[in-house]
Amino acid sequence: MAEPACTLYIQLQLTRGSFRLHTDVRLPGQGTTVIFGPSGCGKSTLLRAIAGLEPAASGGVQIAGELWQAPQFRLPAHRRAVGMVFQHSALLPHLNVEGNLRYGWKRAGASAALLAQWIERLQLTPLLARRPHSLSGGERQRVALARALVTAPKILLLDEPLSALDAQRRSEILPFLETVRRDAGIPIIYVTHAVEEVARLADYLVLMEEGRITSAGPALELLNRNDLPLALRDDAAVVLEARVIDHDAHGLLTLHSAAGTLYAHGSAHAPDSALRIRIQARDVSLALSQHQDSSLLNVLPVTLTALTALPGGQVQAQLDANGAPLLARISHRSVERLALQPGMSLWAQIKAVALLV
Amino acid sequence: MQVDTPAWIAALWVTLKLAGFTTLILLIVGMPLAWWLARSRSFWRAPVGAVVALPMVLPPTVLGFYLLIGLAPAGPIGQLTQSLGLGSLAFTFSGLLLASVLYSMPFVVHPLQAGFAAIATDTLDAAASLRAGPLDRFCSVVLPLSRPSLLTASLLGFAHTVGEFGVVLMVGGNIEGQTRVLSVLLYDQVEAMAYTEAHVLAAGLLVFSFVLLLLMQWLGRRTAVLHG
């Protein structure tokens, strides 16, 4: 298959003390790529190196057909058409919101329409005259997003933009991130160590550990793979795409997914709208027969494909639900009692279906 | 009281000229130096920082003595200035200016260094990602953010130069209209037992210094409120 013209090539090395960053990866030139890994794995350093903010990084960077770095060539940070959002927003403290927005916009020579557009989309008009220190964390990140986008960047780099916010601020800014994802029309690289953000935002996923990329691929594929460390985490889950079929008066959504019909509580969604759902392994239990006397709404026929022993006496069961993956976390004792074997037909009882988006 | 008005005016003029030029030169030289001291990770940062701070603890006469030796016609700086056709700088205003620049350097460099160091790396990185080049970043981010430190540095540099005595006497001597500053004039008055005149000069310098430091305190509080 021919590569799309706008593939991103990122081949970078950097050594700092005992830490070594070494990456060689091609990323899709559209959609959101999430770089996921534990703190200190080098994911933020990689992002900064793409932006040209790590002078010690060597290698090659090509973004949207533009060469930013090569072995004998290095475009300085201020000449890279990058939109960067920092963990702590890094607004210029001596300028008000409007001054911050205009700072990069003016230097990039972008259009007035673009500036007006993002002020409106991110609802910044009431904040324009405010100083950064008087803004909430969520407002600051909104300004930082707009400030980056009004420079008409070729790529948007987000360095853990939600990690400094509490849960409520995070849920306030997520819809704006959705807007950016939908309307920016440029590739986004999003660095995070929060698996919920991966499940919600990633089209493409890059897993990093100790300065290296351990795997990269389409997000749903990677999220649901059992041979990656993600599956062994306490919050192991599968993420599925679903379509809204119905929304009743009690707030119960009927969803169609590859695994079958599922029910979930959530805010109103237009019929036929697409969303992602997340089912955690610890919310799924297994039964040999379909109980008719259970209060659980979501019970799906599945085939057991594999059993993996986890540290601490638990077992993770990998299931196939009509071709879609599902995980269940059960006790070692249950495996013995039910005499579970790969290949058995079972019923998966799902306690909770989390709607993402 | 018999005030020798022309002599007083001459001393005041020399003092203001010396303090003004010293502050100006120190701001020009001190900004890049303070930037380097605040941001560099080089091995030389510590030794250079220590040398800059030396005048704070060294007896002024020590600095004055070495400068006098250096500036003398046979000294290394003296030979250089003579080969450039400038003659020896000892007991001239230029020599005094050089001495003042060295002597007041920590009082300008330290506030600047503290101001520069307080600017978050993220802020500068953000400006770079917003297409601002190095000089642009310095002018549009560093300078506005360090305005309080620039003011403090200027006031301290100026006030400290006005307060010089030991170095002036060693390097500049006591030449009316050229190297005689107010503090030396005060010394002369005391030597001549002209206590009334000495009182006027001493009180004048005291009030001047107090007002300058008061100004700094106010400015410090105002910026604290602005940035709080």
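How many residues of chain A are in contact with how many residues of chain B? In the predicted model examined here, 18 residues of chain A are in contact with 14 residues of chain B, two residues being in contact if their C-beta atoms, placed from the backbone, lie within 7 Å. On the side of chain A that touches chain B, β7 (82-85) and α2 (97-108) each supply at least two residues; helices (H or I, at least four residues) and strands (E, at least two) are DSSP runs, numbered from the N terminus. The most is given by α2(A), with four residues. By class, this side of chain A comprises eleven nonpolar, five polar and two charged residues, where Ala, Val, Leu, Ile, Met, Phe, Trp, Tyr, Cys and Pro count as nonpolar, Asp, Glu, Lys and Arg as charged, and the others, Gly among them, as polar.

The model is a prediction in which local features need pLDDT of at least 70 and side-chain atom pairs count only at pLDDT 80 or more, whereas totals for chains, interfaces and linings use all residues. Residues are numbered from 1 along each chain as its sequence is written, and chains are lettered from A and ligands numbered from 1 in the order in which they are written. The predictor assigns the complex an ipTM of 0.81 and a pTM of 0.81. For chain B, the average pLDDT (the predictor's confidence in each residue, from 0 to 100) is 89, and 96% of the residues score at least 70. Within chain B, confidence is lowest in helix α11 (residues 195-227), with a mean of 83, and highest in helix α6 (residues 121-129), at 96.

Also in chain B, helix α1 (residues 5-39) packs against helix α8 (residues 147-162) at an angle of about 140 degrees, with the axes 8 Å apart. Axes are lines fitted to C-alpha atoms, for helices over the stretch in contact, and angles run from 0 to 180 degrees between N-to-C directions. The two helices α1(B) and α8(B) are therefore oblique to each other, given that angles under 35 degrees count as roughly parallel, over 145 as roughly antiparallel, 65 to 115 as roughly perpendicular and the rest as oblique. The contact of α1(B) with α8(B) has seven nonpolar, seven polar and no charged residues.

Seven bridges join β12 (residues 237-247) of chain A to β15 (residues 274-280) of chain A.

Terms used
Pairing = 2+ DSSP bridges.
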